[in-house]
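Here are a few notes to read alongside the model. They cover aromatic rings, charges over rings, and the spaces inside.

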Amino acid sequence: MLTRRQILSGAAVAAGASALPGTAAAHGTGELFPLGVASGDPLPDAVILWTRLVRAGLRRPVEVDWQVARDERFKRVVRSGRTVARAELAHSVHVDARGLDDGREYFYRFRALGQISPAGRTRTASRTAHRLRFGIVNCQDFQNGYWPAYWGLAAEDLDVVVHLGDYIYEYDPSSRFPDRRHTTPATPGLDQLVTLDDYRARHAQYKGDPALQAAHAAFPWIVTWDDHETENNYAALTDEVDDTGAKRQSAAEFARQRAAAYQAYYEHMPIRADLRPGSADLRIFRRFDFGRLLRMNVLDTRQYRTDQPGGFPGDFGLIEAGVANTAGTLTGEDQERWLRAGLDHSPARWNVVAQQVMMSRIKFPNPTGAAVPPIVANLDQWDGYAPQRGRFLRHLADRRVRNPVILAGDIHSTWFSELKLDFDRPEQPSVAVEFTATSVSSDFPAAFDAPLKQVNPTLNPHVRYFDGSRRGYLRCSVTPSAWHTDVRTVDTIEVREAPVTTSASWVVEEGTSTLTR
C-alpha cells in the first residue's frame, strides 16, 4: 500500500496509470497538471472534482477523462466519465461526481492528452455522522512567507477543510523572498488586479505551491471568498475607500473587475456554482449537512453588503458609526432570509455559520496612536453593521437555535469569543460561540499583539482567547456531546517546512455556548 505522502506527491499516478486506456505509465508525471487536483463541496452522494490543464499555446477544447476509485491504486473504480476543458474557462475542469456512497473515502484522478494527473483523496459527507473532523484556514498572502501550515494540515486526519477567504492577494510584486514575488499584472502600480488574465495568473501562482497542493489533494474543501480575491475591503460594487486617482473606479468599472475576479475564482476552486462568464454576479452562499450532527451555512459577506459606514481610512473608525448603521447589511436581505430559514428548520445538533469577518464586538486601541478617539472599531467587520448583528443574535436566542457556532477569519489572528445580546453586560448568558482562525501566512502587526492581550479582559471581556503572534489553522472535532477546537500553529513562515504544534485547546459542551479549556 502506498503511503499518504506518496499519494500526495503523485506517486500513485504511475502505480495505476495503465488502468486508463491509451496512457502509458511513463506519462504519469503531471506536466499538464502543474496546479494539482482538488475536490470540494461534499454531499452524501457527490463531490466536486477539480483540475486545470496548463500548457503553453493550448487553445482548443480538450477531452478529459476522470476516475473515482475506492483504493489509491485504482483497482476498484466505481465512477468514471469524460468531460471537456475549454479555453474560455482556462481549461478548468469541474466534475460533479454523483452516485457515491455517503461517508466514504475515495481517490480520484484525470487523464488528458496522454497524461495522468496526480491522484487526490476525497470523502463524501456522512448521513449518520457521529463525529466530524475539519480544519479551518484563511488569509494566505503568498508574498509574506511560506506555507508550512499547509504541510501540517495535509498530514491531519480530517473529513473536510473549510477556507474562509483571502485565498489570493491582489497586490503588486513586493516580497523579501525572491521566490515569493507576485505575478506582474497588466497595469503595475495600481497595487491591484484588473483583468481576467491578471486574476488567472495570480490564482495559478498560488495553486502552484506544493504545500497548498498537498492540502487540496488530501481532503475535500468547502471554500468561500472574502475581499482580496477581488480587492481589499470592497463592498458590493463600491471600490476600496482609500483608492484615489487611477485606482478609483466607478461602479460600472468595478463590475467588470469583479466579473473577472469571480470567474477566475470559479476556474480555480472545487466549488459547485453556476458561473455565467462575464457576469459580475456569482452565488456561492450554500449549506452542507453532515447527518444530524452538524449543518454548515456558508456565507458571502462581500457581494451583497452595503458600504462600510463613515468613510474612515482603512475602515477603522468610531464605534458609533457601526451602531448607527441601521440600514447596513453584510449579507443582503435574500441571503439573510436564507440563513434564518436554514437555522430555524435545521435538524442538526450543531448549527454553524461559516463566514469571513469577526462577528464579536471588538474595541481596539486606536492603531494610529492618536489620543482621539482612544478606542475604535474595525468597521469592515460586523462592528460596522451592529444593528444587523443584533437582529441576528436576537433571532438565535428567540428561536432557540441549537448550539450555534460562528466561524470567521480575515484578521490574521486567533480569537475565541462568547457572543452576547448586550456586549456591555458580559455576565449575560452567551447566545453563541465564535472561533476566528489565524492566517496561514498573512501578517498581523506584532506591535498590536501584547497591547490587545493586555486590554482584552477590560475592553473585550467576552473574548476568552486571543493570539496574534502565530500563523496556522484551527482543527475541530465535533461529536454530539462536545465541540473541540485546537489552535495549530507554526513558529515561522520563513521556511517552507516547519513543525506544527497545538498552541491552545478549547471545548464547547453541547447546550452551553460557553468556552472552556
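1. Rings of Phe, Tyr and Trp (its six-membered ring) pair here if their centres lie within 6.5 Å; planes under 30 degrees apart are called stacked, over 60 edge-to-face, and the rest tilted.

2. A word on the source: this is a predicted model, where local features need pLDDT of at least 70 and side-chain atom pairs count only at pLDDT 80 or more, while totals for chains, interfaces and linings use all residues. Residues are numbered from 1 along each chain as its sequence is written, and side-chain values use heavy atoms, with hydrogens and water left out.

3. Searching the whole structure turns up 24 aromatic pairs. One of them is Y169 with Y171, a tilted pair at 6.3 Å centre to centre with 40° between the planes. Y169 counts as buried because its relative accessibility is 2%, and Y171, at 25%, counts as partly exposed. (Buried means under 20% relative accessible area, exposed over 50%, partly exposed in between, with a 1.4 Å probe and protein chains only.)

4. Now look at F285 and Y304, an edge-to-face pair with centres 5.9 Å apart and 80° between the planes. This pair links distant parts of the chain, 19 residues apart: F285 is in the loop between α6 (251–267) and β12 (286–290), and Y304 in the loop between β13 (294–298) and β14 (316–317). Helices (H or I, at least four residues) and strands (E, at least two) are DSSP runs, numbered from the N terminus. F285 is buried, since its relative accessible area is 8%, whereas Y304 is partly exposed at 29%.

5. Two charges sit over rings (NZ of Lys or CZ of Arg within 6 Å of the ring centre and within 35 degrees of the ring normal). K207 lies over the face of W50, 4.9 Å from the ring centre. R287 has its charged end over the ring of W338, at 4.0 Å from the centre.

6. What lines the largest cavity? T331, E336, L339, W382, Q388 and F392 do, with α8 (333–344) and α9 (386–398) each giving two or more residues. A cavity is a set of points on a 1 Å grid over the protein atoms alone where a 1.4 Å probe fits but cannot get out; lining residues have an atom within 4 Å of a point.

Conventions
On a 1 Å grid over the protein atoms alone, a cavity is a set of points where a 1.4 Å probe fits but cannot get out, and a pocket is an open set with protein on both sides within 12 Å along at least five of seven lines; lining residues have an atom within 4 Å of a point.
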